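Hi,

Here is the structure I promised to send over.

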Amino acid sequence: MTALVALCFVGISNAQDENETNPVLERKHELRLDALEALLIPTLEFNYEYVISKYSGAGAAISINLNNDDDFEYGQKFAFTPFYRQYFLNKKEYGARGLFVEGMMQMAAGEYTDYFYDYDPVTNSSNSYTESSDWFNVGAGLAIGQKWVSNNGFVFELSAGGGRYFSGGDNKPEGFFRGGVSVGYRF
């Protein structure tokens, strides 16, 4: 009887060990914040990624510019960026980490500011003014990066890339940059 109880106890503890070997295996959702953009620009960029397999993931990013006095000629105010990632050199039990290549689309809107300067030599006076117009554009691009995931689910990521918009012009940007230093959590 004692041997039967001991055998049941060992079986239960082994079953729990198999289920608890790495809880990150079960986690398929990930939220990240681009800390570099939040500190420098200030822009809030939130990323969501769904882990499809240990070698791939898909998600989307939303970027909102909080700076009203944008010094850039093409002031991007909002961007929505769906993406797909393929992970490489992944030798761990659980995936969606390591070196990755990302294919993305970007839909962005902003405000274009044109600066004018007039000089009248007769009166020796000058006049400067600006004109602003709104823009919307859609484009595609690539990025490369590295992601680290701790055993308790915390995420750190470095990435850089960019792309081209499908329609450029006088009042629209022709390309975009995507990348940064992101921190987050996998749940």
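To start with the overall picture: what percentage of the residues of the chain count as buried? Of its 187 residues, 33% do, where buried means under 20% relative accessible area, exposed over 50%, and partly exposed in between (1.4 Å probe, protein chains only).

Some housekeeping. This is a predicted model, with local features needing pLDDT of at least 70 and side-chain atom pairs counting only at pLDDT 80 or more, while totals for chains, interfaces and linings use all residues. Residues are numbered from 1 along each chain as its sequence is written, and side-chain values use heavy atoms, with hydrogens and water left out.

On confidence, the average pLDDT (the predictor's confidence in each residue, from 0 to 100) is 84 for the chain, and 80% of the residues score at least 70. Where pLDDT is low, the predicted coordinates should not be read in detail.

As for the fold, there are two helices and eight strands, in the order α-β-α-β-β-β-β-β-β-β along the sequence. These are DSSP runs numbered from the N terminus (helices: H or I, at least four residues; strands: E, at least two). Of the contacts with a separation of 6 or more, 57% are between residues 24 or more positions apart.

Glu-102 sits in strand 5 (residues 98–120) and counts as buried because its relative accessible area is 2%. Its side chain makes a polar contact of 2.7 Å with that of Arg-85 (a pair of N or O atoms within 3.5 Å; within protein, one must be able to donate a hydrogen and the other to accept it, and residues adjacent in sequence count only if both atoms are side-chain atoms). Leaving out residues up to four places away in sequence, Glu-102 also touches others, including Phe-83, Tyr-84, Gly-141 and Arg-178.

The other is Phe-187, in the segment after strand 8 (175–186). Phe-187 counts as partly exposed because its relative accessibility is 44%.

Over to you!

Notes:
Contact means heavy atoms within 4.5 Å.
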